[in-house]
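Dear colleague,

Please find below the structure that I am handing over to you. My notes on what was found in it follow directly after.

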Amino acid sequence: MRQTVCKACGAAIVWIKTPAGKALPCDAGQRYYVEKPLTGTKKIVTKNGEVIACEYTDDLQKANGVGYVPHWATCPQADNFKRKGEKT
Ligand SMILES: [Zn+2]
């Protein structure tokens, strides 16, 4: 896993490889999440590079696991990601 800083906003980000071989920029800090395949409005990227619909939580009892928040969801300069065709 490669760690860099976002060129747009300077935040620490990590690049997580998906099974398809694409690297996704994510916030360096991990978050706990609750899987919500149908209703989740947030996305989490697991260490394996799977993108899961979820809600974030701080409640360890409810959490299904820990993963990384896609940086395009939090970057104040997210428009810079869109032109690269990132899926949201
Ligand atoms: Zn950024």
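P37 is exposed in this predicted model, because its relative accessible area of 64% is over the 50% cut-off. The residue lies in the loop between β3 (23-35) and β4 (42-45). Its C-alpha atom is separated by 6.6 Å from that of C54, although P37 and C54 stand 17 residues apart along the chain.

The surface also carries a nonpolar patch of about 260 Å², to which Y32, L60 and V66 contribute. Of these residues, V66 is placed in strand β6 (residues 65-70). With a relative accessibility of 32%, V66 counts as partly exposed, because this value falls between the limits of 20% for buried and 50% for exposed residues.

Which protein atoms are its donors? They are SG of C6, SG of C9, NE2 of H71 and SG of C75, and they lie 2.1 to 2.4 Å from the zinc ion. Along the chain, these donors follow the spacing C-x2-C-x61-H-x3-C.

The angles among the 4 donor atoms run from 103 to 120°, and the site is tetrahedral. For comparison, the ideal angle for four tetrahedral donors is 109.5 degrees.

Finally, some figures for the protein chain as a whole. It has 2 helices and 6 strands, and from the N terminus on the order of these elements is β-β-β-β-β-β-α-α. The chain contains 88 residues, of which 36% are buried. Its accessible surface comes to about 5600 Å², and carbon and sulfur atoms account for 48% of that area. Among the contacts between residues at least 6 apart in sequence, 46% join residues at least 24 apart.

Yours sincerely

Definitions and conventions. Residues are numbered from 1 along each chain as its sequence is written. This is a predicted model: local features need pLDDT of at least 70, side-chain atom pairs count only at pLDDT 80 or more; totals for chains, interfaces and linings use all residues. Side-chain values use heavy atoms; hydrogens and water are left out. Donors are N, O and S atoms within 2.8 Å of the metal (3.2 Å for Na, K and Ca); water is not among the atoms, so sites may look incomplete. Four donors count as tetrahedral if all angles lie between 85 and 135 degrees; four count as square planar and six as octahedral if opposite donors are over 155 degrees apart and all others between 65 and 115; anything else is irregular. Patches are made of residues with over 30% relative accessible area and no salt bridge: like charges are joined within 9 Å, nonpolar side chains (Val, Leu, Ile, Met, Phe, Trp, Tyr) within 5 Å. Accessible areas come from the Shrake-Rupley method with a 1.4 Å probe; for residues, only the protein chains shown count as cover. A salt bridge is a side-chain nitrogen of Lys or Arg within 4 Å of a carboxyl oxygen of Asp or Glu. Helices (H or I, at least four residues) and strands (E, at least two) are DSSP runs, numbered from the N terminus. Buried means under 20% relative accessible area, exposed over 50%, partly exposed in between (1.4 Å probe, protein chains only). Contact means heavy atoms within 4.5 Å.
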